[in-house]
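Work through the following exercises with the sequence and the coordinates open beside you.

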Amino acid sequence: MPEEKIDFEKEMKRLDEIANKISSQDLPLDECLALYQEGQKIIKNLEKALAEAAEKVEKVIENK
């Protein structure tokens with residue numbers, strides 16, 4: 001099964017929404033925890049996407 005491609009901009013926007021929601025609202029602990037966990041998952045996926053992009057750039061540079 002192929003991996004789903006990450007929409008980097010969409011994920012960054014969602015991460016920003018999560019951060020703003022957690023910091024600006026008086027939320028129940030369980031909701032804050034759920035948002036935090038979602039944010040951590042997004043960060044992990046974005047870090048992976050950035051690492052893959054950096055790898056591709058390195059390959060392009062090496063092939064020049």
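**Exercise 1.** Determine where Lys5 lies relative to α1, and decide whether Lys5 counts as buried or exposed.

*Solution.* Lys5 belongs to the segment before α1, where helices (H or I, at least four residues) are DSSP runs numbered from the N terminus. The model is predicted, so that local features need pLDDT of at least 70 and side-chain atom pairs count only at pLDDT 80 or more, whereas totals for chains, interfaces and linings use all residues. Residues are numbered from 1 along each chain as its sequence is written, and side-chain values use heavy atoms, with hydrogens and water left out. Because its relative accessibility is 76%, Lys5 counts as exposed, given that buried means under 20% relative accessible area, exposed over 50% and partly exposed in between (1.4 Å probe, protein chains only).

**Exercise 2.** Describe how helix α1 and helix α2 pack.

*Solution.* Two packed helices are described by the angle between their axes and the distance between the axes. Helix α1 covers residues 8-24 and helix α2 residues 29-62, and they pack at an angle of about 150 degrees with axes 10 Å apart; axes are lines fitted to C-alpha atoms, for helices over the stretch in contact, and angles run from 0 to 180 degrees between N-to-C directions. The two helices are therefore roughly antiparallel, a term for angles over 145 degrees.

**Exercise 3.** Identify the residues of the largest nonpolar core, and state which element gives the largest share.

*Solution.* A nonpolar core is a set of buried Ala, Val, Leu, Ile, Met, Phe, Trp, Tyr and Cys residues joined through side-chain atoms within 4.5 Å. The largest one has 7 residues in all, namely Leu15, Ile18, Leu27, Cys32, Leu35, Ile42 and Leu46. Both α1 and α2 give two or more residues to this core, and the largest share, 4 residues, comes from α2.

**Exercise 4.** List the contacts of Leu15 beyond four places in sequence, and those of Ile42 with the same exclusion.

*Solution.* Leu15, which is placed in helix α1, touches Gly39, Ile42, Ile43 and Leu46 once residues up to four places away in sequence are set aside, contact meaning heavy atoms within 4.5 Å. Leaving aside neighbours within four places, Ile42 is in contact with Glu11, Arg14, Leu15 and Ile18.

Methods. Angles under 35 degrees count as roughly parallel, over 145 as roughly antiparallel, 65 to 115 as roughly perpendicular and the rest as oblique.
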